[in-house]
Amino acid sequence: MTLEITVITGMSGSGKSVALHALEDAGYYCVDNLPPELLGAFVALEHARHGHRAAVAMDVRSATALPLVPRELAQLRRQGVAVRSLFLDASTDTLLRRFSETRRRHPLSCETLQGGQQALEQTLELERELLAELREQSHVIDTSLLRPAQLLGYVKSLLPVPPDRLSLVFQSFAFKRGVPLDADYVFDVRMLPNPHYEPLLRPLTGRDEPVAHYLRQQPEVQLMLEHIGQFLDQWLQAMARNHRSYVTVAIGCTGGQHRSVYLVEQLVQRFAGRWNTLRRHRELDGL
């Protein structure tokens with residue numbers, strides 16, 4: 001049986017411990033804060049003990065060795081190990097608030113750079129720079145607006161998907177709450193007819209048939225759906241050939257309840273037969 005390794009990295013305070021708990025609940029053998037230098041030895045040990053699913057968390061506490069990680073992951077893939085890399089991120093404002101609430105010290109807070117001791121905001125920007133290459137090569141999950149239970153659900157939804165196959169993540173969101181940091185492509189659909197202004201439809205969502213019926217009757221909505229579909233049809237094969245594991249397509253409207261939700265549901269139906277597809281409704285999930 002092929003060994004499957006999930007590597008969790010990301011910003012301090014972004015929820016890596018929660019993600020690791022999700023994997024542990026799913027039966028993964030989990031190790032927190034594994035030094036990157038030991039990744040190869042850890043995988044060899046798992047092979048020797050006939051393990052088949054393991055997860056490791058790495059972060060900026062191993063800052064000096066982080067440049068080794070992309071090369072180590074590439075080597076593992078060449079050896080036939082199924083590698084999934086997840087990167088948890090959050091907005092700087094969110095991370096500042098979380099550190100304030102928990103009164104935790106940032107792992108880099110003792111570092112002294114040019115200019116002396118760095119303020120927390122500057123330290124977070126330094127951390128982003130140190131993790132930039134890992135982020136580029138990982139599936140990103142924006143935890144800025146996620147409750148722990150939502151993050152647990154998001155991580156668990158990724159587990160049945162083979163790590164070496166491209167998966168489409170369709171996500172609806174509300175522009176008034178910010179654009180998701182994990183989006184590869186963002187489509188703004190706020191110019192489309194809005195069911196919010198129909199009194200009977202206002203309390204419903206794009207998953208409800210009355211709203212879906214209303215939007216199906218709008219030519220602009222169907223044209224937008226077709227244009228997004230054609231764009232993805234054109235480029236997904238190229239991204240798969242480039243060894244992309246995940247592509248996150250975010251659809252945004254004003255409130256994240258009607259138009260964006262409907263379009264995500266329709267796009268999932270359109271692409272589910274050809275690609276692994278996942279759906280997320282940022283403003284509705286967990287309600």
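Visitor: Which strands does helix α8 lie across, and at what angle does it run to β9?

Guide: This is a predicted model, in which local features need pLDDT of at least 70, side-chain atom pairs count only at pLDDT 80 or more, and totals for chains, interfaces and linings use all residues. Residues are numbered from 1 along each chain as its sequence is written, and side-chain values use heavy atoms, with hydrogens and water left out. Helices (H or I, at least four residues) and strands (E, at least two) are DSSP runs numbered from the N terminus, axes are lines fitted to C-alpha atoms, for helices over the stretch in contact, and angles run from 0 to 180 degrees between N-to-C directions. Helix α8, residues 219–241, lies across β8 (167–174), β9 and β10, and its angle to β9 is about 170 degrees.

Visitor: In what order do the strands of the four-stranded open sheet come?

Guide: Two strands pair if DSSP finds at least two bridges between them. In this sheet the pairing is parallel. The edge strands, β9 (185–188) and β11 (276–281), each pair on one side only. The order is β9-β10-β8-β11.

Visitor: Which residue in β10 is the bridge partner of Asp-188?

Guide: β9 and β10 pair in the parallel sense over four bridges. In β10, Asp-188 has as its bridge partner Gly-252.

Visitor: Which strands of that sheet does α6 touch?

Guide: α6 packs on the sheet, where contact means heavy atoms within 4.5 Å. The direction of α6 makes about 170 degrees with that of β11. The strands touched are β10 and β11.

Visitor: Which strands stand at the edges of the five-stranded sheet?

Guide: This open sheet has the order β2-β3-β1-β4-β7, with parallel pairing. Each edge strand has a single partner strand, so one side of each is left without a neighbour in the sheet. The edge strands are β2 (29–31) and β7.

Visitor: At what angle does α1 run to β1?

Guide: α1 lies across β1 (4–10), β2, β3 (53–57) and β4. α6 lies across β4 and β7, running at about 160 degrees to β7. For α1 and β1, the angle is about 165 degrees.

Visitor: Are α2 and α3 roughly parallel or roughly antiparallel to each other?

Guide: The axes of α2 (residues 39–48) and α3 (residues 68–78) come within 10 Å and cross at roughly 30 degrees. Angles under 35 degrees count as roughly parallel, over 145 as roughly antiparallel, 65 to 115 as roughly perpendicular and the rest as oblique. α2 and α3 are therefore roughly parallel.

Visitor: Which residues in α3 do Leu-39, Gly-40 and Val-43 meet?

Guide: The residues of this contact divide into four nonpolar, one polar and one charged. Here Ala, Val, Leu, Ile, Met, Phe, Trp, Tyr, Cys and Pro count as nonpolar, Asp, Glu, Lys and Arg as charged, and the others, Gly among them, as polar. The three residues of α2 meet Glu-72, Leu-73 and Leu-76.

Visitor: Which element gives the most to the lining of the largest pocket?

Guide: The lining residues divide into twelve nonpolar, nine polar and eight charged. Elements giving two or more residues include α3, α5 (120–136) and β10 (246–253). The most, four residues, come from β4.

Visitor: How do the residues that line the second largest pocket divide?

Guide: α1 (16–25), α4 (92–102) and α6 (148–158) are the elements that give two or more residues to this lining. The division is six nonpolar, seven polar and seven charged.
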